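Hello,

Here is the structure for you to open. Please load it first, then read my notes below.

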Amino acid sequence: MGIEQIIFIVLSAIAIAAALGVILSKNPVNSVLCMITCFVAIAGHYIMLNAQFLFVVHLIVYTGAIMVLFLFVLMMMNLNAEIEPQKRNWLKYAGAISGGALLLVLVAALREASLPAIQTSSASDIGLISNLGKTLFTSYVVPFELSSVLFLSAMVGAVVIGKK
Amino acid sequence: MPVQYYIFLSIALFCIGIMGVLMRRNAIIIFMCIELMLNAVNLLLVAFSKMWVDAGRIDAASAQLFVFFVMVVAAAEVSVGLAIIVMMYRNTHSVDINILSRLKN
């Protein structure tokens, strides 16, 4: 077993354990901290897959901005485990069973798929910022400009909703 | 390494996200589980991008740009969604989504 597989297994175990911590912990602040751990593990996967630009963007945008925003909102609302709303038990079991059934179906459907393998030893420069920037500004200019409009409208919307 | 490993990891993260949406009543946790599902899809797109690069395709950068756009949309969605949750908390002093069922009348 190579070093890449060991790193993959460790990162996957951290990611899945942290994701389970998100949905199982009673305290919302612990959920956000578990989520940050999960995102850092996913960022490790990105760098294992030669996606250096996405690694940096993922750390900055998700871990640095989005989760801190979540944490900020949670601290502002002063939520804790005592006032955490609880679902009835059978609804929780129903949710867990339906999620597990989906997991089972997807794994069974994709177990036999024949796809090319990933060569973890070969490094490619496809995830570098120059390569991605060239593709972004040649093939994907229109979506890029549209996303700037989306950002502007989201910003205006958040300010308008928050001001009331 | 077979790409199936990444497929199974993404499926596991996605299903954990779905379980979280179905099991919890805190609106913020549900929102975070949606982020988790988006990240599972992102991870799978990056894995497929690497797979096609290794198989000799030169246009595999598109998958990484899709991930970039998903991140853009997720950031916009989070800002508006958290503003809505904050407004809901201000009006009802709770983040319980069952309270939102009052909206139907």
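**What I found**

M1(A), I6(A), I9(A), V10(A) and I14(A) make a nonpolar surface patch of about 480 Å². V10(A) sits in helix 1 (residues 3–24) of chain A; helices are DSSP runs (H or I) of at least four residues, numbered from the N terminus. V10(A) counts as partly exposed, at 45% relative accessibility. The scale is: buried under 20%, exposed over 50%, partly exposed in between (1.4 Å probe, protein chains only).

A word on the model. It is predicted, so local features need pLDDT of at least 70 and side-chain atom pairs pLDDT 80 or more, while totals for chains, interfaces and linings use all residues. Residues are numbered from 1 along each chain, chains are lettered from A and ligands numbered from 1 in written order, and side-chain values use heavy atoms, without hydrogens or water.

**Between the chains**

In chain B, 72 residues contact 80 residues of chain A (contact: heavy atoms within 4.5 Å). About 7200 Å² is buried between the two chains, and carbon and sulfur atoms give 78% of that. Buried area is the accessible area (1.4 Å probe) that two parts lose on being put together, summed over both. On the chain B side, M1(B), M23(B) and K50(B) lose the most area, together 11% of what that side buries.

How many salt bridges are there between chain B and chain A? The count is zero. (A salt bridge puts a Lys or Arg side-chain nitrogen within 4 Å of an Asp or Glu carboxyl oxygen.)

**Salt bridges**

Over all chains there are three. R25(B) meets D96(B), with the closest N and O atoms 2.2 Å apart. R25(B) lies in the loop between helix 1 (4–23) and helix 2 (27–54) of chain B and D96(B) in the segment after helix 3, so this pair ties together parts 71 residues apart in sequence. Both R25(B) and D96(B) are buried. K50(B) and D54(B) also pair, at 3.6 Å, N to O. They are four residues apart in helix 2 of chain B, so about one helical turn separates them. E112(A) and R111(A) bridge at 3.5 Å, N to O, and both are exposed.

Best wishes

Conventions: Patches are made of residues with over 30% relative accessible area and no salt bridge: like charges are joined within 9 Å, nonpolar side chains (Val, Leu, Ile, Met, Phe, Trp, Tyr) within 5 Å. Accessible areas come from the Shrake-Rupley method with a 1.4 Å probe; for residues, only the protein chains shown count as cover. Helices (H or I, at least four residues) and strands (E, at least two) are DSSP runs, numbered from the N terminus.
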